[in-house]
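Welcome, and thanks for joining this tour. Please open the structure in your viewer and keep the selection tool at hand.

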Amino acid sequence: MEFAGALFDLDGTLIDSADVWARIDAEFLRRRGLAVPDDYMCAVSSKKFSEAAVYTIARFGLDETAEALAAEWLEMARREYGSGVFLRPHAGEYLRWLKARGVKLGTVTGLPHSLAEAALKNNGVYALFDAFTSADETPRGKEHPAVYLLAARRLGVTPADCAVFEDVPACLESARAAGMKVFAVRNAQNESLWGSMCRGAIPVADFCELMTNAARGSACSRRDEK
């Protein structure tokens, strides 16, 4: 393998949760007589809960506290992540494939740990991970390299030996600034940004292709040795 540790974002990367947050955002803003702007989900996707709450209050002029907003989102999401959120196609296979090859696995997510744990346990992959890191644990969240460096330390792997899988441009930039290999994971939400996301990153449309390409490379190497 070209990396000893792999760090995964959850929402939109390992788990298919876009519909969940679309529903939560729509209901949350509907309660306040507001519609969801087209760019809202993209704007908050790289932020931790507390940052997203501050952003939302400022953007919509809400007379509420960030703590109250974060608590409301957490309550709305709790049931979904425990039973209604599932892995993206071949994501579980890829995690097990990496684990079988000695790669240490970690998360780097903007989700609170309780939601991340619920989703991973519900999908039977929680035990595969060696470390868990949330953006809540660093002052500046995923828009800064610190959270990725913290996650690498928890894995016991140098940044240069870490791969990061993300679906948001700002997060890819942060991981790259941390000195890590970056994989851009394609989904319906980042389609319009896909071309720019692939610059300086390895594109991933489906996790199955990573296993297939590795197998092809291994077969080519064996032929070259003959």
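Start by selecting glycine 106 and alanine 131: in this predicted model, alanine 131 in β5 is the bridge partner of glycine 106. Now widen the selection to β4 and β5, which run parallel and are joined by 4 bridges.

Next, bring the whole sheet into view. In what order do the 6 strands of the open sheet come? Going across, you will pass β5, β4, β1, β6, β7 and β8, with parallel pairing. Stop at the two edge strands, β5 and β8 (residues 202–204), each of which pairs on one side only. If you look along the sheet, you can follow its twist, which averages 25 degrees from one strand to the next.

Stay with the sheet a moment and select helix α8, residues 169–177. This helix lies across β6 (162–166) and β7 (181–185), and its direction makes an angle of about 170 degrees with that of β7.

Now move to helix α6, residues 113–122. Which of its residues are buried? Color Leu115, Ala116, Ala119 and Leu120 to see them. These four lie on the same side of α6, because they cover an arc of only 125 degrees around the axis.

What covers them? Show β2 (15–16), α3 (49–60) and α4 (66–83), which are among the elements covering the buried residues of α6. The cover also includes two strands you have already visited, β4 (104–109) and β5 (131–134).

For the last stop, step just past the end of α6 to glycine 124, which takes a positive phi of about 70 degrees.

Notes:
Residues are numbered from 1 along each chain as its sequence is written. This is a predicted model: local features need pLDDT of at least 70, side-chain atom pairs count only at pLDDT 80 or more; totals for chains, interfaces and linings use all residues. Side-chain values use heavy atoms; hydrogens and water are left out. Buried means under 20% relative accessible area, exposed over 50%, partly exposed in between (1.4 Å probe, protein chains only). The arc is that of the directions from the helix axis to the C-beta atoms. Contact means heavy atoms within 4.5 Å. Two strands pair if DSSP finds at least two bridges between them. Axes are lines fitted to C-alpha atoms, for helices over the stretch in contact, and angles run from 0 to 180 degrees between N-to-C directions.
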